Amino acid sequence: MIDTHMHADSRSSEDFEKMYTAGIDIAITCSYYPYKIENELILLNHLNRILEYDTKRAREYGLDLKVALGIHPTNPVENPKIIYENLYKWIENKQIVAIGEIGLEDLTDIEIATFKKQLDIADETNSKVIIHTPRKNKKEVLAEILDILPQHLDEKQAVIDHINPNVVKDAINTDCMLGLTVQPQKMTKEEAIGILDEYGFDKFLLNSDMSNKPSDPLSVPKTIRELTKLGYGKENIEKISYKNAKEFFNI
C-alpha cells in the first residue's frame, strides 16, 4: 500500500512502525509547517529536515518515505528565491517525487503569486505537483485553483488533494488526479468509498494526511480493508491502494 500524503516531521517513529506493520510500504511526506515562519532560512531548514532526517527515521522502521517539497500556502515567505533555487536542485538530483504541497488557503496575493511560480517551475522541469485545498471555503478556493492551474501547467501533472463529497463534482472532469484524505474532521472511509463507488477508481489516490492535527496513521489500510470486506474487485482495490500512485509519481 501507498499513503500518498502525510507530514512525517510532525509524527512519531511509532507511527511509521504501525504503518509498515499494517501493510504500507511507501508513503509520501509533504511540506507544511504549523507555526509562523519568520524568514526563508527557517523554511529551508524545515524542508531539509524532511528530506534528510525524516526519511532516515522512517527507513529504520521499514517505511520507504518519498518526499514532496515546496512552499505550502500557509507558509509563504517574502523572499522565496532560495527556496526556488533549492527546488531546482532537488528536482535535478531526483530527491523529490513532486513539488508539494502547494496551493491556496486564504486567496491572498502572496499565496497566489507563490502558487503560480511553483506551477511554472513544475512546468519547466516536467515535475508533478501536489495541490492543497483548505478545510474552509473549499469550493471557492478550488474554483480559483482550477482557473489558475491550466494557465501554468498540464493538469495531468497535478493531483488536487483533500477532495471530499462536497467538491468532487467540481474537479472530476479535469485531467488531474484527485486525492482522497481519510482523516478525523475531514472525511470518513465510508465517504471516500462512496466517492469511489460513484466515480470509479481510475482518477483517485488515497491518503491519511497525518499531521499535527487529529490523524489516523492507519486510515489507508482501514479503507482498503473495508473495500475488501464490501466485495470490491481486486483490480480496483489495487488501483487505489498502490497502482495509481506508482504510475502517477513514477515510484
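Reader: How much space lies in the largest cavity?

Author: This is a predicted model, in which local features need pLDDT of at least 70, side-chain atom pairs count only at pLDDT 80 or more, and totals for chains, interfaces and linings use all residues. Residues are numbered from 1 along each chain as its sequence is written, and side-chain values use heavy atoms, leaving out hydrogens and water. A cavity is a set of points on a 1 Å grid over the protein atoms alone where a 1.4 Å probe fits but cannot get out; points are joined across faces, edges and corners, and probe spheres set on them fill the volume. For the largest cavity, that volume is about 30 Å³.

Reader: How many cavities of 30 Å³ or more does a search of the whole structure find?

Author: The largest cavity holds about 30 Å³. At a cut-off of 30 Å³ or more, the count of cavities over the whole structure is one.

Reader: Which element gives the largest share of the lining of the largest cavity?

Author: The lining (residues with an atom within 4 Å of a point) consists of Ile71, His72, Pro73, Pro76, Ile102, Gly103, Glu111, Thr114, Phe115 and Gln118. Elements are DSSP runs numbered from the N terminus, helices being H or I of at least four residues and strands E of at least two. Two or more lining residues come from each of β4 (98–103) and α4 (109–125). The largest share, four residues, belongs to α4.

Reader: Is Ile112 buried or exposed?

Author: Ile112 is part of helix α4. Leaving aside residues up to four places away in sequence, Ile112 touches (heavy atoms within 4.5 Å) Leu104, Leu107, Glu144 and Ile148. Relative accessible area, found with a 1.4 Å probe on protein chains only, gives buried under 20%, exposed over 50% and partly exposed in between. At 16%, Ile112 is buried.

Reader: How far apart in space are Ile112 and Ile172?

Author: In sequence, 60 residues separate Ile112 from Ile172. Taken C-alpha to C-alpha, their separation in space is 23 Å.

Reader: What arc do the buried residues of α7 cover around the axis?

Author: Helix α7 spans residues 189–199, and its buried residues include Ala192, Ile193, Ile195 and Leu196. The arc is that of the directions from the helix axis to the C-beta atoms. These four lie on the same side of α7 because their arc is only 155°.

Reader: Which residues are exposed on the other side of α7?

Author: The buried residues of α7 are covered by elements including α6 (168–171), β7, β8 (204–207), α8 (219–229) and α9. The exposed residues on the other side of α7 are Asp197 and Glu198.

Reader: What is the relative accessible area of Thr181?

Author: Thr181 sits in strand β7, which covers residues 177–181. Strand β7 is among the elements that cover the buried residues of α7. Thr181 is itself buried, because its relative accessible area is 2%.

Reader: Which residues does Thr181 touch, not counting residues up to four places away in sequence?

Author: Thr181 belongs to strand β7 and is buried. With residues up to four places away in sequence set aside, the residues in contact with Thr181 are Asp161, His162, Lys186, Met187, Asn207, Ser208 and Asp209.

Technical notes. 1 Å grid on protein atoms, 1.4 Å probe; cavity = no way out; pocket = protein on both sides within 12 Å on 5 of 7 lines; lining within 4 Å.
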